[in-house]
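Trainee: Hi, could you walk me through this one? I'd like to start with the charged side chains.

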Amino acid sequence: RKEKKRKVLDQPRGDSQADTEKLRARVASKLGEALEVNKEELAKGLGGGDAAAEEGAAPAEAAALSASALAERSREIEAALFRLHGGRAGMAYKQAARSLAHNLGDKANDKLRIKVLQREIAGSVLVKMSSAQLANPEAQKHAAEIEENKIYHSRKVDEAVKDGLAGLDFSADGMAQPVGGERGQAAADDA
């Protein structure tokens, strides 16, 4: 029975090339949608703010927000993600795509989107970033505070354990007894 189950798990799922291409197109589309979040704020961050529009200037950075540029950038990121996962659109690929789309689409994560759109972060680097690295600055700050609290409490536990052990006497049989306790007192009386 186990052999049959193992064989079934080892077999390819039967996903066709067309299904994979559809999935990849959907992932690229979702990444493109995520890159468009807060588009007006991003235009300001990219140098295409209201002042530039009033002067009639069209900075090169503002062109990064064109629909074709966003689509191209999202396809580049998806291709890097697909390569990272060995050319397979399996569960790990899908999970990584969801994480990227979530973090790029976070309204509080404008800095990440701007860096991606300005190509300060290459697609091949972006897809290798951890969830912590992709998170918005507030979430990163919160995670750092949690980590500090863990370290603080861990040190407190270590100190408590050391303090507790300092008041124990370890006998030859490996049993810990309080210093000056009943067993320790009885041994002193016997001597």
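Trainee: Is Arg 73 buried or exposed?

Mentor: Arg 73 is buried, with a relative accessible area of 4%. Keep in mind that this is a predicted model.

Trainee: Which residue does Arg 73 form a salt bridge with?

Mentor: Its partner is Glu 76, and the closest N and O atoms are 3.1 Å apart. Both residues lie in helix H5 (residues 67–84), three residues apart, about one turn of the helix. Glu 76 is partly exposed, at 28% relative accessible area.

Trainee: What about Asp 110, which residue is its salt-bridge partner?

Mentor: Asp 110 pairs with Arg 113, with the closest N and O atoms 2.1 Å apart. They sit three residues apart in helix H7, so about one helical turn separates them. Arg 113 counts as buried at 0% relative accessibility, whereas Asp 110 is partly exposed at 22%.

Trainee: Changing topic, which residues form the negative surface patch?

Mentor: Glu 138, Glu 145, Glu 147 and Glu 148 form it. Of these, Glu 145 lies in helix H10 (residues 137–166) and is partly exposed, with a relative accessible area of 38%.

Trainee: Last one: how many helices and strands are there?

Mentor: The protein has eleven helices and two strands.

Note on methods
Residues numbered from 1 in each chain as written. Predicted model: local features only at pLDDT ≥ 70, side-chain atom pairs only at ≥ 80, totals over all residues. Heavy atoms only, no water. Patch = residues over 30% accessible without salt bridge, like charges linked within 9 Å, V, L, I, M, F, W, Y side chains within 5 Å. Areas by Shrake-Rupley, 256 points an atom, 1.4 Å probe, with all protein chains shown as cover. Salt bridge = Lys/Arg side-chain N within 4 Å of Asp/Glu carboxyl O. Lys, Arg positive; Asp, Glu negative; His and termini not counted. Charge placed at Lys NZ, Arg CZ, Asp CG, Glu CD. Helix = DSSP H or I, 4+ residues; strand = E, 2+ residues; numbered from the N terminus. Buried < 20%, exposed > 50% of the residue type's maximum accessible area, 1.4 Å probe, protein only.
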